[in-house]
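Please look through the structure below, with attention to its aromatic rings, its sheet and its nonpolar cores. The text after it takes these topics in turn.

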Amino acid sequence: MLLDGEDWTAKVQGFRQEAWRLETLPWYRVPGEDGDIRDFLAGQRIDPRNYCSGYTEGLQKIRAEGRSKGRVHVVRQPLTDYLRFEFMYYEVHSRAGDDIRILDVTDRPDPLEGVQDFWLFDRSEVVLMNYADDGTQISRELYEGDPTPYVEYQRIALAESVPFREYVSGGYRA
């Protein structure tokens with residue numbers, strides 16, 4: 001079953017305890033971000049201590065309700081322009097309550113090689129994120145099989161990654 005519109009919004013907002021995502025791509029083509037990326041590449045930055053949006057407010061609400069949202073992004077050095085741009089927002093989102101971790105596979109085998117992007121909701125529902133080669137999202141598909149392999153992918157990703165702030169403070173920021 002493909003998820004779009006209200007069905008997707010209900011899924012991403014209606015989880016009981018945990019929404020978690022694996023991100024594996026070096027570039028995502030997101031409608032509406034082209035101008036922001038151009039601005040970023042031209043030197044414009046947001047102030048992570050003062051930036052607020054509907055997304056950050058939603059993260060704060062999730063945390064206040066005792067729920068959690070997190071992700072692990074698999075990366076390789078050097079970071080793409082898109083990842084450098086995304087890291088600027090990761091700083092803001094982590095401050096707002098998103099548990100963001102980085103799995104750098106630059107100098108080691110990728111323990112999740114071949115695993116596609118996905119969301120895992122309450123460790124019981126999986127949504128597969130389907131992308132074209134250029135990072136354009138094709139679809140979101142509710143996985144109807146056993147979620148156990150995805151729970152294991154989450155375990156591996158968490159065990160092999162470091163918190164975002166630790167990663168960037170370790171001198172890895174490009």
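In this predicted model, ring pairs join W27, Y28, F40, Y51, Y82, F85, Y89 and Y131 into a cluster. One member, F40, also has a charged neighbour: R45 lies over the face of its ring, 3.9 Å from the ring centre.

In total, the structure holds 19 aromatic pairs. Among them is the pair of Y90 and F164, with 5.7 Å from centre to centre and 85° between the planes, an edge-to-face arrangement. This pair links distant parts of the chain, since Y90 belongs to helix 4 (residues 81-96) and F164 to helix 6 (residues 164-172), 74 residues apart. Both Y90 and F164 are buried. For F118 and Y150, the ring centres are 4.9 Å apart and the planes stand at 75°; planes over 60 degrees apart count as edge-to-face, so this pair is edge-to-face. Here the link runs between strand 4 (residues 118-121), which holds F118, and helix 5 (residues 148-160), which holds Y150, across 32 residues. F118 and Y150 are buried.

Seven strands form an open sheet in the order 6-5-4-1-2-3-7, with mixed pairing. Strand 6 (137-143) and strand 7 (162-163) stand at the edges and have a single partner strand each, so one side of each has no neighbour in the sheet. Strand 4 pairs with strand 5 (residues 125-131) in the antiparallel sense, over four bridges. F121 has E125 in strand 5 as its bridge partner. Helix 4 packs on the sheet, where it touches strand 1 (18-23), strand 2 (68-75) and strand 3 (98-104), and its direction makes about 140° with that of strand 3.

In soluble globular proteins, nonpolar side chains tend to be buried together. The largest nonpolar core here has 21 residues, of which W8, F85, M88, W119, F121, V127 and M129 touch the most other members. Helix 1 (5-13), helix 2 (34-41), helix 4, strand 4 and strand 5 each supply at least two residues of this core. Helix 4 gives the most, with five residues. Which residues does W8 contact, leaving aside its neighbours within four places in sequence? They are L3, W119, F121, V127, M129 and R140. Another core lies apart from the largest one and has 15 residues, including V105, V115, L120 and I156.

Terms used:
Residues are numbered from 1 along each chain as its sequence is written. This is a predicted model: local features need pLDDT of at least 70, side-chain atom pairs count only at pLDDT 80 or more; totals for chains, interfaces and linings use all residues. Side-chain values use heavy atoms; hydrogens and water are left out. Rings of Phe, Tyr and Trp (its six-membered ring) pair if their centres lie within 6.5 Å; planes under 30 degrees apart count as stacked, over 60 as edge-to-face and the rest as tilted. Buried means under 20% relative accessible area, exposed over 50%, partly exposed in between (1.4 Å probe, protein chains only). A charge sits over a ring if NZ of Lys or CZ of Arg is within 6 Å of the ring centre and within 35 degrees of the ring normal. Two strands pair if DSSP finds at least two bridges between them. Contact means heavy atoms within 4.5 Å. Axes are lines fitted to C-alpha atoms, for helices over the stretch in contact, and angles run from 0 to 180 degrees between N-to-C directions. A nonpolar core is a set of buried Ala, Val, Leu, Ile, Met, Phe, Trp, Tyr and Cys residues joined through side-chain atoms within 4.5 Å.
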